[in-house]
Amino acid sequence: MSRRQFAPGLGAHLASITARWDARPLAVFGRPVVWIGLVAANLIGWYLHWVAQSARLTIGLAGLAYWSLVPAAILLVVAFAVRRVSLIVVAAVVMTISTFTFFSPAMVVGCGPSTDQAANSPSMVVYSHNVKVDVGDPVGVAEAIVAHDADVVALQETSPSFAAELLEQPNLSEYQYRAVATLPKTRLITLSRWPAGPTSIDQMSDFDASRNQMSTQIDGPLGPFTLINYHATAPVDRARIEAWAADLDQLDHQIDGPTLVAGDFNATINHAQFRQVLDAGWRDAHQSKGCGLDATWPCLLYTSPSPRD
């Protein structure tokens, strides 16, 4: 075959393929295998959300489970585009189940209008931050605390040098109460504008002595309460996964009067182990506030619809 004979034949073939694609751009989504794959992606997301995971990979993927809403949305859009009633029903069911699985109504609707009573009632701002040992900037963190007008501050993974420099910042002078828990590798720091009483330090896990919690009695505008500056073990291997689950389980037994836990749970609302803590009587502050979606650390990754801190 000569070059002159080959080129027109190839061009005609490509033109035919292009014409067919232009005529039915969504035809590929009508194939059963594609629909089965999109539905399977949602089934995997539901499994990661509802079943307590015990492997590093699946624990990490559980934090991303709500992204299975993307194939659910694709299902719904394509179903309407191809105008197939059966597909529309399937897609609507999958989308509904995924929405109610991953999002509470308050997270979807967002902030509701405040009543006069709620607007005038006492409130407090809690600032919690894992500064990642040597990654955090003491000056920047101090400025963030002031910018948020925080009443109570809970910091985790602060190095000795970070803690010393932070506590010397002049813009934090109004925080008269200061407590520092000295751990083997890092420090926990709690600051409060309000009077505070005794502080206790409890080791949560026998595995990692640096994963402790510091409990402080604070006399706030709503009355006295306990603030727990909390840092759970990171579930990065089998031993630490067991310690992480034990750390979260320990919170089940600590409800004794008004208590607020602020810190790094290394978990999101998509982890069954964290929801078990809520089932024990705790309330997730973000969901209770009801101000729409938010992200966990680091914010640019948007790995969860609700914060873990």
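Axes are lines fitted to C-alpha atoms, for helices over the stretch in contact, and angles run from 0 to 180 degrees between N-to-C directions. The legends below describe close-up views of a predicted model.

**View 1. Helices α4 and α5 cross at roughly 155°.**
Helix α4 covers residues 69-82 and helix α5 covers residues 85-102; their axes come within 8 Å. Angles over 145 degrees count as roughly antiparallel, and α4 and α5 are therefore roughly antiparallel to each other. The crossing in which α4 passes α5 is left-handed. On the α4 side the contact consists of L69, A72, A73, L75, L76, A79, F80 and V82. These meet L87, I88, A91, A92, V94, M95, S98, T99 and F102 in α5. Sorted by class, the contact of α4 with α5 has 15 nonpolar and 2 polar residues, and no charged ones.

**View 2. Helices α2 and α5 cross at roughly 20°.**
Helix α2 spans residues 32-50, and its axis and that of α5 come within 11 Å. Angles under 35 degrees count as roughly parallel, so α2 is roughly parallel to α5. α2 passes α5 in a left-handed crossing. From α2, the contact is made by W35, N42, G45, W46, H49 and W50. From α5, the residues are L87, A91, V94, I97, S98, T101 and F102. The contact of α2 with α5 has 8 nonpolar residues, 5 polar residues and no charged residues.

**View 3. Helices α2 and α4 pack at an angle of about 145°.**
The axes of α2 and α4 are 8 Å apart, and the crossing of these two helices is left-handed. W35, L38, V39, A41 and N42 form the α2 side of the contact. P71, A72, I74, L75, V78 and A79 form the α4 side. By class, the contact of α2 with α4 divides into 10 nonpolar residues, 1 polar residue and no charged residues.

**View 4. Four strands form an open sheet in the order β1-β2-β4-β3.**
The pairing in this sheet is mixed. β1 (126-133) and β3 (177-182) are the edge strands, each pairing on one side only. On average, neighbouring strands of the sheet are turned by 10° against each other, direction ignored. β1 pairs with β2 (residues 152-158) in the parallel sense over 6 bridges. Within this part of the sheet, V126 has V152 in β2 as its bridge partner.

**View 5. Helices α8 and α9 on the sheet.**
Helix α8, residues 138-147, lies across β1 and β2 and runs at about 170° to β1. Helix α9, residues 160-167, packs on the sheet and touches β1, β2, β3 and β4 (187-192). The direction of α9 makes about 15° with that of β4.

**View 6. Confidence along the protein chain, with a mean pLDDT of 79.**
In the chain, 74% of the residues reach a pLDDT of 70 or more. Confidence is lowest in helix α1 (residues 3-23), at a mean of 48, and highest in α8, at 94. Residues 1-6 have pLDDT below 50, and this stretch has 1 contact in the model beyond near neighbours in sequence. Residues 299-309 also have pLDDT below 50, and this stretch has 43 contacts in the model beyond near neighbours in sequence.

Note on methods: Residues numbered from 1 in each chain as written. Predicted model: local features only at pLDDT ≥ 70, side-chain atom pairs only at ≥ 80, totals over all residues. Heavy atoms only, no water. Pairing = 2+ DSSP bridges. Contact = heavy atoms within 4.5 Å. Parallel < 35°, antiparallel > 145°, perpendicular 65-115°, else oblique. Left-handed = near helix turned anticlockwise from the far one by under 90°. Nonpolar A, V, L, I, M, F, W, Y, C, P; charged D, E, K, R; others polar. pLDDT = per-residue confidence, 0-100.
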